[in-house]
Amino acid sequence: MRLFRSIAKTLVPMAFVGLALGTPSPAYAQTSEDHEVEQISVEEVGPFRPTTRPELSATEAEIVERTNAFRKQHDRDPLESDEQLKQTAQDFADYMAQNDRYGHSADGRTPSERARAHDYHYCLVAENIAYRFHTTGFKTEELARKAVEGWRESPGHRRNMLRPHVTETGVAVAQSEKTGVFYLVQLFGRPRSATIPFTVSNPTDAAVQYSLGDRSYELPPGFTRKHEMCAPAELQLDDGGNDSTAQTPSAGQRFVVTGGDDDLALEPQHDGPATANSRGEEQPQ
């Protein structure tokens, strides 16, 4: 008997939270939080009579290698294995295997809560999970290949695997002694240290509107706002029909509104970042 199921989840602080559920074919995705937890039983999966067993650490390494190969095919940078993400994934895989409970909240916590508990300071965390079972077991390469293929063919999991701004990963596999089911956890992360701080200052006499990614902001005259982006986004002045070229801020960059009335512009400065006090007055660092 063969059995497979996988779930993908993404968490971004103060942003969209997505969840995808599915099997390789067919698959479907959801765009809202899902707290479904499955209890796996011997009666459901059938007897486990292995003729071959995978080497779990080699399976984990193979999953990382295959994921990076998939990312390379789509012009994405490779992911580095991170020990804290690896331990986060391992503890959760072990929990699911020990209890035969399956789901992103199987242990009563979210992926981000588990990452924080392992001192992984993130600006983005995404998680794919899956379970696999075969009566006679799996070879190492077979288990890794089937897990990656299943995730790759499901829109939610594929999106996590190809996220352009994640930089780190942690993968773990654990097997239930009771049912023989293999539980797989694949975490993706972008650390807090990779955030992009920059400031926008408005020394003019009028309030201005600008956009950063898909969000809009108003900046009063004489104020400076400090931003911290988790991932690169376009910054553009949007004021009274003025033409403004979109720019992608880099870490520590400072932008200043210049001109007036019909010729406002957002100019990058190169004299270092600035912060603002509670009144919005500029305070050079």
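1. Residues 24 or more positions apart make up 65% of the contacts in the chain that have a separation of 6 or more; a contact here means heavy atoms within 4.5 Å. Please keep in mind that this is a predicted model, where local features need pLDDT of at least 70, side-chain atom pairs count only at pLDDT 80 or more, and totals for chains, interfaces and linings use all residues. Residues are numbered from 1 along each chain as its sequence is written, and side-chain values use heavy atoms, with hydrogens and water left out.

2. The chain holds 6 helices and 18 strands. These are DSSP runs numbered from the N terminus: helices are H or I with at least four residues, strands are E with at least two.

3. Of the chain's 285 residues, 49% count as buried. Buried means under 20% relative accessible area, exposed means over 50%, and partly exposed lies in between (1.4 Å probe, protein chains only).

4. Now have a look at D100, in the loop between α3 (83-99) and β6 (101-102). Its phi is near 50 degrees, a positive value in a residue other than glycine. D100 is buried, at 3% relative accessible area.

5. D119 sits in the loop between α4 (111-117) and β7 (122-134). Phi of D119 is also positive, near 60 degrees, and this residue is partly exposed at 49% relative accessibility. For background, most residues other than glycine have a negative phi.
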